[in-house]
Amino acid sequence: MLLEKIISISGKPGLYKLVSQLRNGFIIEDVTTKKKVSIGNSSQVSLLDNIAMFTFDKEVPLFEVFENIAKNSEYKETISHKSGDAELKEFMTASLPNYDTERVYASDIKKLAQWYNILHKAGYITPESFVKAEPETLDPAQETAGTDNEAPKKSAAPKAEKPATPKVKATSAAKSAPKSTHTKKG
């Protein structure tokens, strides 16, 4: 799942995908309707990739929480974000058993369920979405035909750089629970 380009915008319902960067803002696409619009730099944007949920011992990236929800719901939609508090807490306990009940509020759990269901409806939640990348192996051009005692030699060819993604300012608060998804105006 590529969450690095999925954003939430303060004051706008739903989730959006960053399409491109403009001089004074961004072009975004609604993940469900695929409608493209532009937003200005003053919009308060949070990257889902930068959001984590509190547990008693660490912060768990939102991607991992979505993976737990997907496995628990067999990659189908989960409970509605309009469910009662008791049902939402039960959902959260099943999704992240060690979540910090003092710092993860009911509103955070509602947003988590809503975002998961939006991503599911948009086709982002599938068993293939959560497949971990294979570790890189050396290709034949990088290996030498030596003995087993020799370490493989890497070629001097430069590595291809990864394409630049639009830069979005995010505060450290954006790395906490989904409730704290606001950024400072730049």
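1. The crossing of helices H2 and H3 is left-handed, and the residues that make up this contact divide into seven nonpolar, no polar and two charged. Please bear in mind throughout that the model is predicted.

2. As for the geometry of the pair, helix H2 (residues 85-95) packs against helix H3 (residues 106-121) at an angle of about 70 degrees, with the two axes 10 Å apart. Because angles of 65 to 115 degrees count as roughly perpendicular, H2 and H3 are described as roughly perpendicular to each other.

3. On the H2 side, the residues in the contact are Asp85, Leu88, Phe91 and Met92, and these meet Ala106, Ile109, Lys110, Leu112 and Ala113 of H3.

4. Turning to charged pairs, the structure holds two salt bridges. In one of them, Lys71 is paired with Glu67, the closest N and O atoms lying 3.6 Å apart. Lys71 and Glu67 are four residues apart in helix H1 (residues 62-72), so about one helical turn separates them. Lys71 counts as partly exposed, at 49% relative accessibility, whereas Glu67 is buried, with a relative accessible area of 10%.

5. Arg103 forms a salt bridge with Asp100, and here the closest N and O atoms are 3.0 Å apart. Arg103 is partly exposed, its relative accessible area being 39%, while Asp100 is buried, with a value of 8% for its relative accessible area.

Technical notes: Residues numbered from 1 in each chain as written. Predicted model: local features only at pLDDT ≥ 70, side-chain atom pairs only at ≥ 80, totals over all residues. Heavy atoms only, no water. Salt bridge = Lys/Arg side-chain N within 4 Å of Asp/Glu carboxyl O. Helix = DSSP H or I, 4+ residues; strand = E, 2+ residues; numbered from the N terminus. Buried < 20%, exposed > 50% of the residue type's maximum accessible area, 1.4 Å probe, protein only. Axes fitted to C-alpha atoms, helices over the stretch in contact; angles between N-to-C directions. Parallel < 35°, antiparallel > 145°, perpendicular 65-115°, else oblique. Left-handed = near helix turned anticlockwise from the far one by under 90°. Contact = heavy atoms within 4.5 Å. Nonpolar A, V, L, I, M, F, W, Y, C, P; charged D, E, K, R; others polar.
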